[in-house]
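Let's take a walk through this structure together.

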Amino acid sequence: MARDFEAVLKGKYPAKAHARRVVEQIRKSKPGANGVIYLEARMTKMQEDNDSPEPFRQRRYFYYLTGCNLPDCCFAYDIRSARSTLFIPPIDPDEVVWSGLPLSVTEALKLYDVDEVKFTNEVNAALTHLAKEDANSTVFAIANQVSDNVTFLEFVHKDFETVKTAVEISRVVKDEFEVAMIQKANHIASHAHKAVIDRAKTAATEQELYATFLERCVSHSAPEMPYHPIVASGRAAATLHYVDNNASLNGKLNVLIDAGCEWNNYASDITRTFPLTGKFTKETRDIYDIVLRMQKECTGRIKGGVSWDELHLHAHKIAIEGLVALGVLKGDAQEILDARTSAAFFPHGLGHHLGMDTHDTGGNPNPNDPDKLFRYLRLRGTVPTGSVVTVEPGVYFCDFIIKPYLEDPAHSKYINSKVLDKYWDVGGIRIEDNIHVTKDGFENLTTAIKEVAEVEAAAARN
């Protein structure tokens, strides 16, 4: 049964439950730990040589324990009493002239899942009081995220490492509210992807498609992007993190758009590829079918405890099988896999954790892995029940990446360069969904269309 994410989101962000989870993690490394968790929001910072503030992005550690998306706030959690206090800025009459009245204590208590709300000019007095209640008190904070005016002098112990790690571990498994937030972000971004396909029928440049995606998200109250959207036409789609988004669409076969939005700091991360003419060419359809099979089969194998390394390997096996059938690759499939020749066409990882960050915490990547097939995997090991991951296989025809393979006899013997030449204009195909991992399976949070018939029908021109 599908989740009614809108109904779930009518409640409060579960900050207290998150605090309890973080304390459990702290006590795994510090048995019996008590004291105070102290975190700060991102403070307002002015732009260099300018009287305007820098764009605000809330600290994810602070948000996880508060659900508060305001700058210049602080938070204290007394572990012994399990009591949380949010500190908000007091009224500044001069600032009210320009920005209006800030959030009041009463309003903050209604909005946020905390026990008490005070003003930030009361932080030091409150911390001193909490420290004196425990003769062996510890304050858990994050290094370089404590304002100079805040003092921990009354605390016997000061720990600037443990809570950061504890929050990162806690964030991996999402509760129902967090999944609903990611689903809401997917719902909005999926509509925006459809709008981009519609706009492509008349657009002249990638910029117009980029603007269309932003407009749809902003119109649906999701103005923040979790990462710079990728709108790559033609051969530019072979550049994994293409950022220009300004080329002409004239004469291009396809557009690859990798774009998501944030809903209250929780991200969606969706990739789709569609034909600019309304119908895939034979070569594009060849590759699209391979990638769609990679995406569906790998998603279908997901459940709590699955090995992500094995899923990634399975995606490569499908890619090799498909490229051999087309004649782009030649020879024994197992030999091609063992040689790692498929990395020329699928150089990145299958996916990553998703949450408040696009590449969310807990992935345990190993960028120094000597095996090039796993070096760029942002998620390694087993996938826990309750996490949210992306599944984003792709096949690309990037001259810069493939050329060294063509010049290396260990790889060139597996590549048919004459057949390969037919596929350069395809650029790259990637399909990406956001998947909630359950005990016995998965829930796909992404609704953007991806079946060939649906994509071609949506892209068809009158």
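Start with helix H10, residues 282–300: its 19 residues reach 27 Å from the first C-alpha to the last, close to the 27 Å expected at 1.5 Å a residue, where the expected span is 1.5 Å times one less than the number of residues. Helices here are DSSP runs of H or I with at least four residues, strands are runs of E with at least two, and both are numbered from the N terminus. Keep in mind that this is a predicted model, where local features need pLDDT of at least 70 and side-chain atom pairs count only at pLDDT 80 or more, while totals for chains, interfaces and linings use all residues. Residues are numbered from 1 along each chain as its sequence is written, and side-chain values use heavy atoms, leaving out hydrogens and water.

Buried residues of H10 include Ile287, Leu292 and Cys298; buried means under 20% relative accessible area, with a 1.4 Å probe and protein chains only.

Now hop back to strand S8, residues 254–259, where six of six residues are buried. In a regular strand, side chains alternate between the two faces of the sheet. In S8 both faces are covered, with Asn254, Leu256 and Asp258 on one side and Val255, Ile257 and Ala259 on the other.

S8 runs antiparallel to S7 (residues 230–233), joined by four bridges; strands pair if DSSP finds at least two bridges between them. Ala232 has Leu256 as its bridge partner. S8 also pairs with S11 (residues 270–275), antiparallel over six bridges, and there Asp258 stands opposite Thr271.

Last stop: Arg59, in the loop between strand S1 and helix H3. The backbone oxygen of Ala41 lies 3.3 Å from a polar atom of the Arg59 side chain.

Key: Buried means under 20% relative accessible area, exposed over 50%, partly exposed in between (1.4 Å probe, protein chains only). A polar contact is a pair of N or O atoms within 3.5 Å; within protein, one must be able to donate a hydrogen and the other to accept it, and residues adjacent in sequence count only if both atoms are side-chain atoms.
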